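Hello,

Here is the structure I promised to pass on. Please open it alongside this message, and have a look before you read my notes.

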Amino acid sequence: MPATLDTRKAHLVRHHGDLVAIYTWINDERALVLIPRYRPGAPWYCVLESAAYTWDDMDARNVSTVVKKAMKACEVLGIEPTPWNCQQVASIIIDGLPDLIRMPSA
């Protein structure tokens, strides 16, 4: 089944410099979508609620997973995966998880 996403029906939108965090629904599942703000046509990076737990940085064993996921997010978004950029992307996602989880269902 193809993913359906309508950014006009966003629950919440936050601007973080070059990135926009859109809290919306993909196929009726809560999702946090990162979109490059100044690069139209660039790929988006989506974090579905069902995978949100993989971004939990409270467990020291999970830190390397978060770093790898942040590097992949930078790569998808067309951002150079420097330590600073990876940290920024990870922070946007991790800090946004409570809002993602508290969103109403579709």
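Below is what I found in it, going from the overall fold to single residues.

First, the ground rules. This is a predicted model, in which local features need pLDDT of at least 70 and side-chain atom pairs count only at pLDDT 80 or more, while totals for chains, interfaces and linings use all residues. Residues are numbered from 1 along each chain as its sequence is written, and side-chain values use heavy atoms, with hydrogens and water left out.

**The fold**

The chain has two helices and four strands, and along the sequence they follow the pattern β-β-β-β-α-α. Helices (H or I, at least four residues) and strands (E, at least two) are DSSP runs, numbered from the N terminus. The four strands make an open, antiparallel sheet in the order E1-E2-E3-E4; two strands pair if DSSP finds at least two bridges between them. Strand E1 (12-16) and strand E4 (45-48) are at the edges with a single partner strand each, so one side of each has no neighbour in the sheet. On average, neighbouring strands are turned by 25 degrees against each other, direction ignored. For angles, axes are lines fitted to C-alpha atoms (for helices over the stretch in contact), and values run from 0 to 180 degrees between N-to-C directions.

Going through the pairs, E1 and E2 are joined by five bridges, with Val13 partnered by Ile22 in E2. Eight bridges join E2 to E3, and here Thr24 has Ala31 in E3 as its bridge partner. E3 (residues 29-36) and E4 pair over four bridges, and Ala31 stands opposite Leu48 in E4.

Helix H1 (residues 63-77) packs on this sheet, touching strand E2 (19-26), E3 and E4, with its direction at about 140 degrees to that of E4. Contact here means heavy atoms within 4.5 Å. Helix H2 (residues 83-102) lies across E1, E2, E3 and E4 and runs at about 150 degrees to E3.

**The turns**

Both hairpins are worth a look. The one of E1 and E2 has two residues between the strands, and Gly17 there takes a positive phi near 60 degrees. The hairpin of E2 and E3 also has two residues between its strands. Asn27 is partly exposed at 29% relative accessibility, whereas Asp28 is exposed at 63%. The cut-offs are under 20% relative accessible area for buried and over 50% for exposed, with partly exposed in between (1.4 Å probe, protein chains only).

**The interior**

Of the 106 residues of the chain, 37% count as buried. Eight of the eight residues of E2 are buried, so this strand is largely enclosed by the rest of the structure. In a regular strand the side chains alternate between the two faces of the sheet. In E2 both faces are covered, with Leu19, Ala21, Tyr23 and Trp25 on one side and Val20, Ile22, Thr24 and Ile26 on the other.

A nonpolar core is a set of buried Ala, Val, Leu, Ile, Met, Phe, Trp, Tyr and Cys residues joined through side-chain atoms within 4.5 Å. The largest one has 25 residues, of which Leu32, Leu34, Tyr45, Trp55, Val89, Ile93 and Leu100 touch the most other members. H2 gives the most to this core, with eight residues. Apart from it lies another core of six residues, among them Val20, Ala31, Val33 and Ile35.

The count of aromatic pairs comes to one. Rings of Phe, Tyr and Trp (its six-membered ring) pair if their centres lie within 6.5 Å; planes under 30 degrees apart count as stacked, over 60 as edge-to-face and the rest as tilted. Tyr45 and Trp55 have ring centres 6.4 Å apart and planes at 85 degrees, so the pair is edge-to-face. Tyr45 is buried at 12%, and so is Trp55 at 1%.

Lastly, Arg30 in strand E3 is buried at 18% relative accessibility. Its side chain reaches the backbone oxygen of Met103 at 2.6 Å.

Best wishes

Notes. A polar contact is a pair of N or O atoms within 3.5 Å; within protein, one must be able to donate a hydrogen and the other to accept it, and residues adjacent in sequence count only if both atoms are side-chain atoms.
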